[in-house]
Amino acid sequence: MTVKVHLWSYFRELAGCAEVEVPMPPGSTLGQLLDELYLRHPSLAAMRNSTLVAVDVEYQGPAYLLQEQDEVSLFPPVQGG
Amino acid sequence: MRRELTLTETPIDEATWVAGRPWDASNGAVVTFSGVVRDHEPDGGIRALEYTAFERMARHQFGLLFDEAERRWPIVSLRLVHRLGIVAAGETSLWIEIVAPHRGEALAACGWIVEEMKRVVPIWKRALRTGQSGPAH
């Protein structure tokens, strides 16, 4: 399956794009997707410890099992207010 | 609980929002909070902040916070307005109003909403520095 990953805020500048499509085997976890993404975009890997991850509009952890049609978002710590 | 969320690129006219306050005499407390863009940070002057959002998720996460606030406190009305786009120094970027029967729950809920939104609502800002025409982190 191919997972679409949306990047937000300055992560777009780090990666040079607003979204990435990552091919993953069925049954992959969110953590495995991130490992693959960081191989393709090492500039994002430097931010790994502070990165927030959501599937659709809900925060998810690395054990989340990816489903067909899932869309993932990666972004830095939020700063509203 | 009455609830209202507005994400807008239009300046927040606080007087207009206050004039639209839902009210009846059984409520003893109204707490409002205004977050205003400072004109400086320790590392230099700021002429504006540029706010961006993952808006669909921001609306969802605000909704979850409103649900939780309603569960925790007997709030009658919660209205929140957050600016997006460029907000000049001195302008209001965030306005919150909570109406409740008593001050304790209104004050507690307002403080909690501000802290939680800064933790989970996907909105970001970048500083537009004094003397610069472009954005800077």
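**Pocket, helix and backbone**

Analyst: In this predicted model, β4(B) gives the most to the lining of the largest pocket, with six residues.

User: Which elements each supply at least two residues of the lining of the largest pocket?

Analyst: The lining comprises 27 residues, and those nearest the pocket centre are Q79(A), L49(B), W124(B), K125(B) and R126(B). By class it has seven polar, nine charged and 11 nonpolar residues. The elements that each supply at least two residues are α1 (11-15) of chain A and, from chain B, β2 (29-36), β4 (44-53) and β8 (123-129).

User: How much space lies in the largest pocket?

Analyst: The pocket is lined by 27 residues. The space in it is about 580 Å³.

User: What distance separates the end C-alpha atoms of helix α2 (residues 55-72) of chain B, and what span should its 18 residues have?

Analyst: Buried residues in α2(B) include M57(B), F62(B), L65(B) and F66(B). At 1.5 Å a residue, the 18 residues of the helix should span 26 Å. The end C-alpha atoms agree with this, being apart by 26 Å.

User: Is Q69(A), which has a positive phi although it is not a glycine, buried or exposed?

Analyst: Most residues other than glycine have a negative phi. Q69(A) has a phi of about 75 degrees and lies in the loop between β4 and β5 (71-75) of chain A. Exposed means over 50% relative accessible area. Because its relative accessibility is 70%, Q69(A) counts as exposed.

User: Where does D56(A) lie?

Analyst: D56(A) is not a glycine, yet its phi is positive, about 55 degrees. With a relative accessible area of 38%, D56(A) is partly exposed. It lies in the loop between β3 (52-55) and β4 (58-59) of chain A.

Conventions. Residues numbered from 1 in each chain as written. Chains lettered and ligands numbered in written order. Predicted model: local features only at pLDDT ≥ 70, side-chain atom pairs only at ≥ 80, totals over all residues. Heavy atoms only, no water. Helix = DSSP H or I, 4+ residues; strand = E, 2+ residues; numbered from the N terminus. Expected span 1.5 Å × (residues − 1). Buried < 20%, exposed > 50% of the residue type's maximum accessible area, 1.4 Å probe, protein only. 1 Å grid on protein atoms, 1.4 Å probe; cavity = no way out; pocket = protein on both sides within 12 Å on 5 of 7 lines; lining within 4 Å. Points joined across faces, edges and corners; volume = space filled by probe spheres on them. Nonpolar A, V, L, I, M, F, W, Y, C, P; charged D, E, K, R; others polar.
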